[in-house]
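Here is a short briefing on one protein chain. Look over the sequence and the structure, then work through the points by topic.

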Amino acid sequence: LTFPLLSVTLLVSFGSSMLYGYNLAVVNSPAAHIKAFYNATWSQRYGHGLASGPLTLLYSLTVSIFALGGLVGSLLVGVLVERYGRKGTLSRSALLVLLAGGFMGFSRELASPEMVIIGRSITGLHSGRCCRAVHSPFLTARSPTAHSQGAGEDFIPPMNLRGFLGLMPSIFICLGVFFAQVLGLPELLGEDRFWPLFLSVVVVPASLQLLLLHCFPESPRYLLIERNDVRRATEALHRFLGTPDVQDVIEEMKEEQRSLSSVEMVSVWQLLRDRSVRWQTLSVVVVNAGMQLSGIDAIWFYTNTIFENAGIPVSQIPYTTVGTGAIEVVAGLIGCFTIEKLGRRPLIITGFCAMGICSAGITVSLLLQTDLPWMRYVSVVCVVGIIAGFCVGPAGVPFLMTAELFTQSHRPAAYIVGGSLNWFCNFTIGFIFPFLQMSAGAFCYLVFCGVCLLVALYVYLIIPETKNKTFMEISHIFA
């Protein structure tokens, strides 16, 4: 990678994937402060505080509305990119984050819980637009036949680097979660008076991205293939590749453009009715839904609550949470650097199995901690196991598999199906987990255990290894 190409990749990752990870974890630390603010505001307005149930409902909506915004944003990506381009979409999305930061930052001064909820939904809209949809296209395609080899719709690396580069967004998501956990420490922004500032920190990476994006040209692939602007594409390639001779790359992309022009894209409805890719479609549904229903979002959204219920002393919870975040980053790096050696199947099966076993372990430890106080530390180990298992494989492999299981004609529709399920299940878990925890107690984690083990079994029995295989080879294995 040349310096300009590496720079823009890191910049886009910083303002998209890492911001997404930050927003997943930012509501965990200040949960008690936000609930107290909601309760006090309600009391000022109506003369009485909120009961436990309505307060939990309002906070659950605050947490989960982020995913609904993400769902809407992901469905709007195609229209926005066609109208404004990759860079233009990123810039406009960064402006949305500035707006969201303003809503959340001034919510307490204006005594408005609604502003927190609106701000969360807008940050979700940004993440839905940017996290994966317009993140990787800045890495230029180098092979004119890559689309037939099962690479991503916009991201076309060499076959032997598909796994490594496909998991890079997951690393930045893990970093975003970790930074939110660090900033949530009592010594930093974890105090009651700082929670609006803590939520609005998102404006910093968004502002940086907005300012620096103007230093880089538009994606060469977008300029040539979608805009047919050879001159600007050539200039962009000169900048990104750092070489005056880019004619070979231009010819490769022109060949890809001719190839894509002859491909008729199928709709979501056509994809769901196409019997030739029935098992591939079902596989996308299972792994993407399973990724969110595994309970990982419950861990990220409600880590402090889980540790508190496990009996960890309140003063130790923020530092324990940061420790889990550090392990999460390490696990993500392990997955990123081993996927091309081990393959997709071992990582995703091992990850889901580890998550399922650790979910059952949390149930056992919670049931026994009254008689065995040391079981509280088993709960911490199990939470770490769930996070590490997720980051090793399930965090990024489902997105990679979605790209590798379909040809170019079916891939956009498959991304819509997988992405919509991903965001919807994210919302579902974020919204219902507090109520599930109140009604089922320690046994609520057995639901996640069952989901994880069933997904691992499905992958083991149905989905073939896709490492270094073309789409035709994968299709023959399914057949």
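Tyr-38 is buried, because its relative accessible area is 1%. Buried means under 20% relative accessible area, exposed means over 50%, and partly exposed lies in between (1.4 Å probe, protein chains only). This is a predicted model: local features need pLDDT of at least 70, side-chain atom pairs count only at pLDDT 80 or more, and totals for chains, interfaces and linings use all residues. Residues are numbered from 1 along each chain as its sequence is written, and side-chain values use heavy atoms, with hydrogens and water left out.

**Aromatic pairs**

- Tyr-38 pairs with Phe-37: the ring centres are 5.9 Å apart and the planes sit at 50 degrees, so the pair is tilted.
- Rings of Phe, Tyr and Trp (its six-membered ring) pair if their centres lie within 6.5 Å; planes under 30 degrees apart count as stacked, over 60 as edge-to-face, and the rest as tilted.
- Phe-37 also counts as buried, because its relative accessibility is 8%.
- Trp-42 and Tyr-46 form another tilted pair, with centres 4.6 Å apart and planes at 50 degrees.
- Trp-42 and Tyr-46 are 4 residues apart in helix α3 (residues 31-46), so about one helical turn separates them.
- Helices (H or I, at least four residues) and strands (E, at least two) are DSSP runs, numbered from the N terminus.
- Trp-42 is partly exposed at 29% relative accessibility, and Tyr-46 is partly exposed at 48%.
- How many aromatic pairs does the structure hold? The count is 13.
- One aromatic cluster is formed by Tyr-20, Phe-66 and Trp-423.

**The chain as a whole**

- The secondary structure comes to 23 helices and 0 strands.
- The chain has 479 residues, and 58% of them count as buried.
- Take the contacts in the chain with a separation of 6 or more: residues 24 or more positions apart account for 81% of them.
- Contact means heavy atoms within 4.5 Å.

**Nonpolar cores**

- In soluble globular proteins, nonpolar side chains tend to be buried together.
- A nonpolar core is a set of buried Ala, Val, Leu, Ile, Met, Phe, Trp, Tyr and Cys residues joined through side-chain atoms within 4.5 Å.
- The largest nonpolar core has 96 residues, and those with the most contacts inside it are Ile-348, Phe-390, Phe-433 and Tyr-445.
- Which helix gives the most to this core? Helix α4 (residues 52-105) does, with 12 residues.
- Domain 1 (1-140 + 161-216) and domain 2 (267-478) each supply at least three residues to this core; the domain bounds come from an automatic or database domain assignment.
- A second, separate core has 22 residues, among them Val-81, Cys-130, Leu-241 and Met-253.
- Beyond its neighbours within four places in sequence, Ile-348 contacts Val-287, Gly-393, Pro-394, Val-397, Pro-398, Met-401 and Val-459.

**A buried aspartate**

- Asp-297 lies in helix α15 (residues 296-301).
- Is Asp-297 buried or exposed? Asp-297 is buried, with a relative accessible area of 1%.
- Asp-297 touches Leu-24, Gln-292, Asn-426 and Ile-429, leaving out residues up to four places away in sequence.
- Asp-297 and Leu-24 are 273 residues apart along the chain, yet 7.7 Å separates their C-alpha atoms.

**Cysteines**

- A disulfide is a covalent bond between the sulfur atoms of two cysteines.
- The rule used here asks for a pair of cysteine sulfur atoms within 2.5 Å, and the count comes to 0 disulfides.
- The closest cysteine sulfur to that of Cys-449 is in Cys-452, 7.2 Å away, which is too far for a bond.
- Cys-449 counts as buried at 11% relative accessibility, and Cys-425 is buried at 7%.

**Positive phi angles**

- Most residues other than glycine have a negative phi.
- Ala-111 is not a glycine, but has a positive phi of about 50 degrees.
- Ala-111 lies in the loop between α4 and α5 (113-130) and is partly exposed at 26% relative accessibility.
- Asn-228 has a positive phi near 55 degrees, and is found in the loop between α10 (220-226) and α11 (230-241).

**Confidence**

- pLDDT is the predictor's confidence in each residue, from 0 to 100.
- The chain averages a pLDDT of 81, and 89% of the residues score at least 70.
- Over residues 133-160, pLDDT stays under 50; the model has 96 contacts beyond four places in sequence for them.
- Where pLDDT is low, the predicted coordinates should not be read in detail.
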